[in-house]
Amino acid sequence: TQYHNPEIERRIRLWREWLERHDMTGELIEQPTRSFSDATPAAYNLMRDLLQQNALKSTAMVGTTFPAAVGAMRACWERGLVVGQYLSICSVNIEWPARFMTPAVTGLDTPNLSKLLRRCFDWFTEDQEWEGPNRLEATQAEFFLGGSTGALKQL
């Protein structure tokens with residue numbers, strides 16, 4: 001449900017490539033929001049409709065963003081489905097509240113950017129030319145295994 005931008009398109013492409021490398025299949029279920037809209041209620045509505053229509057074919061879902069995963073999890077909760085037991089939901093990226101939700105959301109945690117930001121702020125306050133790459137970015141994200149994924153029970 002996340003608005004399509006180059007990053008979301010990259011995440012979808014990487015998911016498809018991963019499925020192909022592992023000889024697996026997956027269905028892309030999407031209803032992208034408008035630019036700068038919140039994906040949470042859109043994901044909630046989409047998942048609610050899938051559950052009401054008994055149209056959900058998967059036992060695991062990957063949200064392209066944390067808000068999409070949260071919306072889907074809320075719809076499951078309202079139907080009495082325990083996420084992590086009857087359905088696994090994770091997110092490509094998670095945000096700080098993910099670890100404190102019930103269940104905690106599985107996904108890639110936001111990298112610690114403090115060293116990169118410190119380098120930029122130091123340069124802002126100095127009277128020198130920038131030395132180094134023009135693009136600074138975190139090179140690794142940490143995987144967080146939350147309770148939103150796990151062994152599945154039969155409905």
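**Exercise 1.** Which residues of α3 are buried?

*Solution.* Start with the terms. Helices (H or I, at least four residues) and strands (E, at least two) are DSSP runs, numbered from the N terminus. Buried means under 20% relative accessible area, exposed over 50%, partly exposed in between (1.4 Å probe, protein chains only). The buried residues of α3 are F66, P67, A68, A69, V70, G71, A72, M73, A75 and C76. With 10 of its 13 residues buried, α3 is therefore largely enclosed by the rest of the structure.

The model is predicted: local features need pLDDT of at least 70, side-chain atom pairs count only at pLDDT 80 or more, and totals for chains, interfaces and linings use all residues. Residues are numbered from 1 along each chain as its sequence is written, and side-chain values use heavy atoms, with hydrogens and water left out.

**Exercise 2.** Find what the buried residues of α3 pack against, then describe the span of the helix and what follows it.

*Solution.* Contact means heavy atoms within 4.5 Å. By this criterion, the buried residues of α3 pack against α2 (39-52) and β2 (88-94). Next, the span: α3 covers residues 66-78 and reaches 19 Å from its first C-alpha to its last. This is close to the 18 Å expected at 1.5 Å a residue, where the expected span is 1.5 Å times one less than the number of residues. Just after α3, G80 has a positive phi of about 80°.

**Exercise 3.** Locate R11 and T65 and list the residues that each one touches.

*Solution.* R11 lies in helix α1 (residues 6-21). Its relative accessibility is 17%, so R11 counts as buried. Leaving out residues up to four places away in sequence, R11 touches T64, T65, V92 and N93.

T65 lies in the loop between β1 (60-63) and α3. Its relative accessibility is 8%, so T65 also counts as buried. With the sequence limit of up to four places again applied, T65 touches Q2, I8, R11, S91 and N93.

**Exercise 4.** In what order do the four strands stand in the sheet?

*Solution.* Two strands pair if DSSP finds at least two bridges between them. The open sheet has the order β1-β2-β3-β4, with mixed pairing. β1 and β4 (142-144) are at the edges with a single partner strand each, so one side of each has no neighbour in the sheet. From one strand to the next, the twist averages 15°.

Now take one pair. β2 and β3 (residues 106-109) run parallel and are joined by four bridges. C90 has T106 in β3 as its bridge partner.

Technical notes:
Axes fitted to C-alpha atoms, helices over the stretch in contact; angles between N-to-C directions.
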